[in-house]
Amino acid sequence: MDNVKKTVFSAVQPTGKITLGNYLGAIRNWTPLQNEYDCLYCVADLHSLTVTQVPAELRKNTLELAALYLACGIDPSKSSLFIQSHVHEHAELAWILDTIAYVGEMNRMTQFKDKSRKHADNINMGLMNYPVLMASDILLYQAHLVPIGKDQTQHLEITRDIAERFNGRYSDTFVVPEALTFRTGASIKSLQDPTAKMSKSDPNENATVTLFDDKDAIRRKLRRAVTDCDTSIRYGEDKPAISNLLTIYSLCSGESVKDAEKRFDGQGYGTFKDAVADSVISVIEPIQTKQRRIIADKSYLEGVLKQGAEQAERIARKTLDKVYRKVGLVGRFR
Ligand code: AQP
């Protein structure tokens, strides 16, 4: 009988203030997995260097994000929580996988194309290699499952292709991971453009609710959220803006979309948007209180991250040694 726990890996980049999209699409779903799986949750600081960062802000965002993971319920006695750059094997495996991945497939990645458009003055090699580093993150830990939002499914597919190609060329080495996407919340949209995803690097402040916004800002942003042509409060393809708000409301209040449609039937957008704001505030406020307490306790946070990096490194080293051996590198003499 196979009673070995499966491994889960996921990460978020500290590229700015974490949005409600990152929370509802990813982080929120991590907590329940901790009881069933061996989980590794990482702050992907190396990934964030693919777009221009202010170094002091990046350091601050990295620690704030680690504290946020804890405030959202990641329990260091159950999961390994660490900073990606603290485990140097991520970058080392990425180099080996760079020799497995093809330029053509990296060129076709939607995120690469999007980000190249948005950062036309800085289309660096890291931006193109992003999916290879992501593959290294996942394959290093022999992860079976990777909880992600819909926007990352293409990268997960590439990770699977790279793993299979490597296994085919050098014999079985990597577990081929599967995406774990959650039906609702997998793609929270911008409050200003419901055809685009809510993204922390969006320069329009009104497009996102962040986990660091205060009550007033949350209410203001939701009141300013764009709506659809007619005034009905209903979920449907022809109502992308209201459907997005209904999804947010449902995930934050726990009420189903169907019940919410009934509750707000015949009411104006103003009342509905205030209710959405209330539900979001009720979720975000307790997280903020906990996060502030954790960030103030520097030695606790550093202790968690030190332990997490040590736990992660043990697994990562083992995989990397195996990979080095398989590709024909001479092992280090000890
Ligand atoms: N709008 C979203 N809805 C649902 N899930 C989302 N995720 C991101 N945006 C949404 C999920 O959050 C996780 C971490 O994402 P990331 O920070 O590694 O990179 P990203 O997907 O590129 O997120 P952002 O916010 O758009 O960052 P920037 O602006 O820096 O590029 C992933 O699981 C993602 O699916």
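How far is an oxygen atom of the ligand from an N or O atom in the side chain of glutamine 13? The distance is 3.2 Å. This is a predicted model, in which local features need pLDDT of at least 70, side-chain atom pairs count only at pLDDT 80 or more, and totals for chains, interfaces and linings use all residues. Residues are numbered from 1 along each chain as its sequence is written, and side-chain values use heavy atoms, with hydrogens and water left out.

**View 1**
At lysine 200, an N or O atom of the side chain lies 2.4 Å from a ligand oxygen. Methionine 198 uses its backbone: a polar atom there is 3.0 Å from a nitrogen atom of the ligand. Taken alone, the ligand exposes 640 Å², and the protein buries 97% of that. These accessible areas come from the Shrake-Rupley method with a 1.4 Å probe; for residues, only the protein chains shown count as cover.

**View 1. The shell around the ligand.**
There are 24 residues around the ligand. A residue is near a molecule or strand if one of its heavy atoms lies within 4 Å of it. Lys115, Asp151, Ser199, Lys200 and Ser201 come nearest. The shell divides into 8 nonpolar, 12 polar and 4 charged residues. Here Ala, Val, Leu, Ile, Met, Phe, Trp, Tyr, Cys and Pro count as nonpolar, Asp, Glu, Lys and Arg as charged, and the others, Gly among them, as polar.

The ligand takes up the space of the largest pocket. On a 1 Å grid over the protein atoms alone, a pocket is an open set of points with protein on both sides within 12 Å along at least five of seven lines. A molecule sits in a pocket if more than half of its atoms lie within 2 Å of its grid points. Strand E1 (7-12), helix H1 (20-33) and helix H6 (110-118) each give two or more residues to the shell around the ligand. H1 gives the most, with 4 residues. Helices (H or I, at least four residues) and strands (E, at least two) are DSSP runs, numbered from the N terminus.

**View 2. Asparagine 29 in helix H1.**
Asparagine 29 lies in helix H1. Its relative accessibility is 8%, so it counts as buried. Buried means under 20% relative accessible area, exposed over 50%, and partly exposed in between (1.4 Å probe, protein chains only). A polar atom of the asparagine 29 side chain lies 3.5 Å from the backbone oxygen of leucine 24.

Glutamine 84 sits in the loop between strand E3 (79-83) and helix H4 (89-98). It is buried, with a relative accessible area of 0%. A polar atom of its side chain lies 3.3 Å from the backbone nitrogen of aspartate 45. Alanine 66 belongs to helix H3 (residues 55-71). Alanine 66 is also buried, at 0% relative accessibility. Its C-alpha is 7.9 Å from that of isoleucine 83, 17 residues apart along the chain.

**View 3. Two loop residues with positive phi.**
Most residues other than glycine have a negative phi. Glutamine 142 has a positive phi, near 50°. It is found in the loop between helix H7 (125-140) and strand E4 (145-147). At 16% relative accessibility, glutamine 142 counts as buried. Serine 171 also has a positive phi, near 80°. The loop that holds serine 171 runs between helix H8 (153-170) and strand E5 (178-180). Serine 171 is partly exposed, at 41%.

**View 4. Threonine 99 and cysteine 229.**
Threonine 99 lies in the loop between H4 and helix H5 (103-107). Its side chain reaches the backbone oxygen of isoleucine 96 at 2.5 Å. Cysteine 229 is in the loop between helix H9 (215-223) and helix H10 (240-253). This cysteine is exposed, with a relative accessible area of 84%. From cysteine 229 to glycine 16 is 32 Å, C-alpha to C-alpha, and 213 residues in sequence.

Key
A polar contact is a pair of N or O atoms within 3.5 Å; within protein, one must be able to donate a hydrogen and the other to accept it, and residues adjacent in sequence count only if both atoms are side-chain atoms. On a 1 Å grid over the protein atoms alone, a cavity is a set of points where a 1.4 Å probe fits but cannot get out, and a pocket is an open set with protein on both sides within 12 Å along at least five of seven lines; lining residues have an atom within 4 Å of a point.
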